[in-house]
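The sequence and the model are shown first.

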Amino acid sequence: GQCVAVCPTAALTEVNNISKVWDALNDDKKIVIVQTAPAVRVALGEEFGMQPGELVTGKIVSALRSLGFNKVFDTDFAADLTIMEEASELVYRIKNGGKLPILTSCCPAWVKFFEHQFPELLDIPSSCKSPHEMFGAIAKTYLADKMKVNPKNIVIVSIMPCVAKKYEAARPELTHEDMKDVDIVITTREFAKMIREAGIDFNSLKDDVFDNPLGESTGASVIFGTTGGVLEAALRTAYEWITHETLESVEFNELRGMDGIKEATIKINDMNINVAVASGLGNARKILEDIKSGKSNYHAIEIMACPGGCIGGGGQPYHHGNLEIVSKRAEGLYKEDRSKNLRKSHENPYIQKLYKEFLGEPYGKKAHELLHTHYFKREKI
Ligand code: SF4
């Protein structure tokens with residue numbers, strides 16, 4: 001996600017993707033469904049003179065409705081879904097003597113990095129697709145059924161903090177029945193540009209709420225946007241599934257903050273679960289070298305390519321490597337997490353309904369078909 005400053009084609013891609021979204025919105029035959037990532041809501045305001053970390057979730061929904069999207073949903077819903085699958089995979093591997101550590105797989109820049117650099121470790125990352133890809137797969141099946149529309153007429157637009165998500169959406173394996181999970185990705189900055197192009201006065205927008213059912217989310221999903229958040233969310237769920245007890249204190253402070261590598265040991269029943277969080281690919285490399293040489297005793301590791309996680313992503317308003325800005329954005333996400341009644345992904349009633357009505361068991365057959373992927377050895381670059 002960090003190529004934007006040096007990539008000569010970045011400007012061109014921006015123009016193309018914005019015009020693709022306008023074309024879809026102007027096509028009467030298309031049902032254009034938009035989702036927005038957690039990190040966008042604590043940074044977009046900066047494009048309109050607000051402070052880093054200021055939450056503009058409600059204004060984002062209003063802006064998207066004014067732009068003419070047919071449905072306005074939240075990638076956070078799919079982040080909860082990712083936790084259902086990833087925590088199931090972790091528990092499955094722990095109980096069945098599977099490969100450990102499990103590595104998170106929601107960052108496409110990191111996925112591409114290990115495919116190129118560590119092909120001998122391809123079987124340890126989680127097989128979960130990233131949240132916005134899961135969202136697309138569910139929208140073109142479950143939601144299309146509910147809306148009684150032909151999924152081929154649906155266009156999924158993702159608003160992401162990330163430049164690498166554009167490449168990810170084009171991966172041929174992230175499709176279902178010849179349909180791409182996600183059709184167009186635009187960045188937070190491109191979204192700001194669209195708002196300006198449409199002449200919307202962002203600052204005076206009223207707050208609005210996401211549509212149902214793919215717009216409901218828990219606090220666990222909100223913190224996906226910051227380093228440490230995916231692992232924290234997974235632990236909230238895995239803890240309750242393994243112990244069958246309520247986790248009272250849901251904040252894992254050891255996993256928070258801007259350090260490039262963070263570690264913790266979490267006691268679950270009589271097991272000590274060792275976890276680590278790395279952000280920045282240099283830190284990821286250190287951790288992978290340790291795994292390769294057998295020095296590592298971790299059970300689960302979260303890796304994000306951008307320092308600070310997606311809030312510091314290459315598609316966000318420029319922060320020029322200033323981690324204080326990134327840290328303020330993280331605070332915004334933690335604040336939203338604290339404000340939620342439900343803070344564990346498995347408690348999301350719409351997620352529970354999705355499994356009951358459509359997917360069946362977490363980590364089961366249908367979930368594998370739609371929500372999981374595989375990785376490939378790629379030439380070194
Ligand atoms: Fe994209 Fe987030 Fe990965 Fe950065 S950390 S490359 S923003 S997914």
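## Terms and basis

Two strands are taken to pair if DSSP finds at least two bridges between them. Helices (H or I, at least four residues) and strands (E, at least two) are DSSP runs numbered from the N terminus.

This is a predicted model, in which local features need pLDDT of at least 70 and side-chain atom pairs count only at pLDDT 80 or more, while totals for chains, interfaces and linings use all residues. Residues are numbered from 1 along each chain as its sequence is written, and side-chain values use heavy atoms, with hydrogens and water left out.

## The sheet

Strands β1 (residues 31-36) and β4 (residues 154-160) run parallel and are joined by six bridges. Within this part of the model, T36 stands opposite I159 in β4.

The open sheet has four strands in the order β2-β1-β4-β7, with parallel pairing. Because β2 (71-74) and β7 (184-187) stand at the edges with a single partner strand each, one side of each lacks a neighbour in the sheet. Neighbouring strands are turned by 25° against each other on average, direction ignored; axes are lines fitted to C-alpha atoms, for helices over the stretch in contact, and angles run from 0 to 180 degrees between N-to-C directions.

## Helices on the sheet

Helix α2 (residues 57-67) packs on the sheet and touches β1, β2 and β4, contact meaning heavy atoms within 4.5 Å. The direction of α2 makes about 150° with that of β2. Helix α3 (residues 75-95) lies across β1, β2 and β4, at about 40° to β2.

## Position E173

E173 lies in the loop between α6 (164-169) and β5 (175-176). Its relative accessibility is 18%, so E173 counts as buried (under 20% relative accessible area; exposed is over 50%, partly exposed in between; 1.4 Å probe, protein chains only).

Beyond its neighbours within four places in sequence, E173 is in contact with T373, H374, F376 and R378.
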